[in-house]
Amino acid sequence: MHTPLVIRNVLAVETSCDETGIALVEQTGTAEAPRFVVHRNALVSQIAAHREFGGVVPSIAKREHIRALPLLLDEVTGGDPAFWERVDAIAVTVCPGLEPALWTGITFAQELAERHGKPLLGTHHMQGHLYSTLLELEPGAKAPSETLTFPAIALIVSGGHTMLLEMESLHSWKKLGETRDDAVGEAYDKVARLLDLPYPGGPEIQKLAESGDPRAIALPRPMAHEKNYDFSFSGLKTAVLYHLRDNPGANRADVAASFQEAAISVLETKLFRAADECGAASVLLAGGVAANSALRSRLARGSAERSLAFAMPPMPYNTDNAAMIGAAAHMALLRGADPLPLEARGRVPM
Ligand code: KG4
Ligand code: ZN
């Protein structure tokens with residue numbers, strides 16, 4: 001197997017949690033101002049299979065990935081043997097995530113790489129979220145990478161992670177802080193369960209909050225005013241639990257809106273404090289919770305008020321998908337990073 005000198009088109013596979021994705025992502029431009037065009041983006045959500053359990057069940061995730069991958073591949077290739085001539089490399093998420101789920105993607109990608117003689121690139125899921133901010137919807141538009149200047153602060157908010165990064169450049173970062181207990185997406189999911197809303201809770205709470213009063217209930221803003229950049233969301237969830245226990249007739253929309261306000265205000269406070277203290281010129285927002293319209297507009301407004309450039313993924317690329325894995329694989333190649341081992345690992349720092 002030879003590695004082509006220039007890798008333009010990467011076929012990416014994502015199976016770390018409860019979304020199965022295969023995408024074809026092209027990179028042009030330079031290492032400092034790359035452009036990414038998503039030519040194919042096939043995605044199947046397993047939400048229906050997990051819903052009755054109120055969360056993701058690893059063995060069901062594995063079964064559903066195994067079922068979905070060949071169908072998605074057919075969708076992406078269109079059954080055209082010439083498709084493979086366009087593909088320069090294959091990328092697959094190897095960490096972090098549910099190990100049985102990750103292995104299905106790794107095994108599938110290994111077979112493809114062997115059959116079609118392509119290099120295989122182990123890729124980090126959270127780097128995928130980070131670089132989802134660089135994906136483009138319209139090929140002719142200005143590339144997101146051209147609007148960002150550094151240093152930048154990145155806030156990544158997903159179902160498993162909540163972290164702040166300081167980025168010296170598009171290719172180097174340092175972790176400033178992360179959650180000490182629940183991730184913010186996990187808090188959304190748990191509060192949704194308390195409100196009898198289905199999994200995943202993020203979009204449900206967002207919808208319910210639209211008809212509620214965010215100032216109705218005084219909820220804590222954990223760690224908002226501590227000097228560090230860590231987060232904690234489990235106390236906020238517990239405060240909601242106690243409020244519902246003590247107020248059986250509570251207005252659910254007010255609870256949803258007040259919870260969302262508390263969560264967003266902690267994220268906003270810490271993000272902009274980090275931006276001030278690091279002298280940041282830009283802010284990036286990514287991860288499944290970045291699909292939240294209230295969070296998007298608050299951070300966009302806060303960035304504009306401080307004259308910071310602001311980047312977030314186009315709507316379809318916030319929650320898990322394979323296009324972002326393609327972008328992360330390209331970025332690792334552009335910065336000459338060592339490839340990640342082709343084995344599933346549940347927790348690996350960025
Ligand atoms: O990034 P992601 O798809 O998977 C992980 O890597 O964890 O994030 C999933 C998380 C879930 O907790 C889900 O409830 C949350 O993102 N989420 C949202 C919204 N859409 C998804 N949270 C708040 N508002 C949303 N609109
Ligand atoms: Zn994710």
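Me: Let's start with Asn292. Does Asn292 count as buried or exposed?

Reply: The idea is to look at the relative accessible area and compare it with a cut-off: under 20% is called buried. Asn292 comes out at 5%, so it counts as buried. Keep in mind that this is a predicted model.

Me: Where is Asn292 found in the fold?

Reply: To place a residue, look for the elements on either side. Asn292 falls in the loop that runs from strand E10 (282-286) to helix H11 (293-305).

Me: And which residues is Asn292 in contact with, leaving aside its neighbours within four places in sequence?

Reply: Skipping those neighbours shows you what the chain brings in from elsewhere. For Asn292, the contacts are Tyr188, Gln206, Gln260 and Ile264.

Me: Now the ligand. Which residues come nearest to ligand 1?

Reply: Start with the shell, then pick out the nearest members. There are 19 residues around ligand 1, and the nearest of them are Gly159, Asp189, Gln206, Asn292 and Asp320.

Me: What lies 3.0 Å from an oxygen atom of ligand 1?

Reply: A polar side-chain atom of His129 is 3.0 Å from a ligand 1 oxygen. From the backbone, an N or O atom of Gly288 also lies 3.0 Å from an oxygen atom of ligand 1. Gln206 uses its side chain: one of its N or O atoms is 2.8 Å from a nitrogen atom of ligand 1.

Me: How much of ligand 1 does the protein bury?

Reply: Here you compare the ligand taken alone with the ligand in place. Alone, ligand 1 exposes 560 Å², and the protein buries 90% of that. The space that ligand 1 takes up is the largest pocket.

Me: Which elements give two or more residues to the shell around ligand 1?

Reply: Sorting the shell by element tells you who contributes. The elements that qualify are helix H5 (125-131), helix H7 (184-194) and helix H8 (201-209). H8 gives the most, with four residues.

Me: What about H7 itself: which residues of H7 are buried?

Reply: For a helix, go through its residues and then ask what covers the buried ones. In H7 the buried residues are Val184, Gly185, Ala187, Tyr188, Asp189, Val191 and Ala192. Their cover includes strand E7 (152-157), strand E8 (162-169), H8, helix H9 (234-246) and helix H10 (252-278).

Me: What follows H7?

Reply: Asp196 comes after H7, with a positive phi near 60°. As background, most residues other than glycine have a negative phi. Asp196 is not a glycine, yet its phi is positive. This residue is in the loop between H7 and H8. The cut-off for exposed is over 50%, and Asp196 counts as exposed because its relative accessibility is 67%.

Me: What is the phi of Ser307?

Reply: Ser307 has a phi of about 55°, again positive in a residue that is not a glycine. Look for Ser307 in the loop between H11 and strand E11 (309-311). With a relative accessible area of 64%, Ser307 is exposed.

Me: Next, peptide bonds. Is the bond from Phe150 to Pro151 cis or trans?

Reply: The general rule is that most peptide bonds are trans. The Phe150 to Pro151 bond is cis, with omega near 5°. Pro151 belongs to the loop between helix H6 (144-147) and E7. Tyr199 and Pro200 are also joined by a cis bond, with omega about -10°. Pro200 sits in the loop between H7 and H8.

Me: Back to H5. How far apart are Gly128 and Ala286 in sequence and in space?

Reply: Gly128 and Ala286 are 158 residues apart along the chain, and 9.4 Å apart from C-alpha to C-alpha. Gly128 lies in helix H5, and counts as buried because its relative accessibility is 0%. Beyond its neighbours within four places in sequence, Gly128 is in contact with Met324, Ile325 and Ala328.

Key:
Residues are numbered from 1 along each chain as its sequence is written. Chains are lettered from A and ligands numbered from 1 in the order in which they are written. This is a predicted model: local features need pLDDT of at least 70, side-chain atom pairs count only at pLDDT 80 or more; totals for chains, interfaces and linings use all residues. Side-chain values use heavy atoms; hydrogens and water are left out. Buried means under 20% relative accessible area, exposed over 50%, partly exposed in between (1.4 Å probe, protein chains only). Contact means heavy atoms within 4.5 Å. A residue is near a molecule or strand if one of its heavy atoms lies within 4 Å of it. A polar contact is a pair of N or O atoms within 3.5 Å; within protein, one must be able to donate a hydrogen and the other to accept it, and residues adjacent in sequence count only if both atoms are side-chain atoms. Accessible areas come from the Shrake-Rupley method with a 1.4 Å probe; for residues, only the protein chains shown count as cover. On a 1 Å grid over the protein atoms alone, a cavity is a set of points where a 1.4 Å probe fits but cannot get out, and a pocket is an open set with protein on both sides within 12 Å along at least five of seven lines; lining residues have an atom within 4 Å of a point. A molecule sits in a cavity or pocket if more than half of its atoms lie within 2 Å of its grid points.
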